[in-house]
Amino acid sequence: MAVHWQSLATLAKDNAALPKEVFAERHGGPFLLELEPEEGEDLDGGSTRAFDLSAVQNGEPPPSLQKSQIIYLDGQGFAIGREATCEIQINRDTISELHCRFDCFGSIWAIKDEGSTNGTWVNGRQLKSNEQSPLKFGTKIRLGQSQFLFLSSDSAFELIQDLSREPRIRPRSLGKYRSEFKELGEASAVEAKFRGPFLVIQAPKGRDPSASAKGVDNNTITLSEEDLKKSVNKNVTDAIFDLSNHNLVRIGRATVTQIHLPLGAISNLHAALVRGEDGTWTLQDLGAKNGTHLWGERIPPQGCKVIESGSELTLGNIKAIFFFTEDLLTYALHRDTLV
């Protein structure tokens, strides 16, 4: 059965928000990552462009999210070549119609040259025709002039995490936004300066006396306003997070999250807000112990729902509202009469 390449951007979009153990459940096998040669680069002698995962952490240029392709080896054996009958098809001039094979023997993967015209190279050594060589994770492979990395599931997860990592979003108070909105005056001026969208973590006005009866899943207010100020930002009543420069926003207690909420019943990795290519946003549960709710309805573990401006989210026992700029303007100016 043919398997298909996808861009790193697509893999990251679909999986970067997932906890590592969930990604491993979905993708237990290895990955083959294609690395685009630099423009005008002439590879000879079995050389491959230097790349390793540590280069990403060290700030060196990573594989391009637009150009690099990756494929999940979900199976036991794959023929690689230009021929349409190959399970993994690579339409490159220096790839033979049937170039090589990948096969799994128990827990060991191996690559075999199938008499290719332009050679199969493993860590700089050219295989003889019909020679088979075992593969270790991290092995650099060259087929003709195309170069690849053989990655474990864990390494693929780390790679998309590093490539999609976004900085922490610092909250601002409602009062600061209100002052700037009033100073700008016209709604068009506000929308020009603040592209949005925004996530507003609402400051509760007190403890919900029915909390013990309803349980944490349905209790949207259990923290006092002072608790929220202390945990998120000492100067914040309603904590407002600007999502305008982000495509993936993880929410939780863990330090790797973009919205850090060490509050109430929030899990380490609780939920994520994901911007789609068409500009729509989705709310994704990340296996939160106390649930992720949209308009009071619990999202299944690792499930997702499209959200709109004004959507009410409940993360564990914390209430939040998702706003586009126009609606945040209304909320900021009339908040005391709306909640």
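Contact here means heavy atoms within 4.5 Å. The model is predicted: local features need pLDDT of at least 70, side-chain atom pairs count only at pLDDT 80 or more, and totals for chains, interfaces and linings use all residues. Residues are numbered from 1 along each chain as its sequence is written, and side-chain values use heavy atoms, with hydrogens and water left out.

Start with Ser 129. Leaving aside neighbours within four places in sequence, Ser 129 contacts Asp 113 and Gly 115. Ser 129 sits in the loop between β9 and β10 (132–135). Helices (H or I, at least four residues) and strands (E, at least two) are DSSP runs, numbered from the N terminus. Ser 129 is partly exposed, at 49% relative accessible area; buried is under 20%, exposed over 50%, partly exposed in between (1.4 Å probe, protein chains only). Gly 119 lies 10 residues away in sequence and 8.2 Å away in space, C-alpha to C-alpha.

Now the sheets. Two strands pair if DSSP finds at least two bridges between them.

Another open sheet has seven strands, ordered β13-β15-β14-β24-β23-β20-β21, with antiparallel pairing. Its edge strands, β13 (172–173) and β21 (297–298), each pair on one side only.
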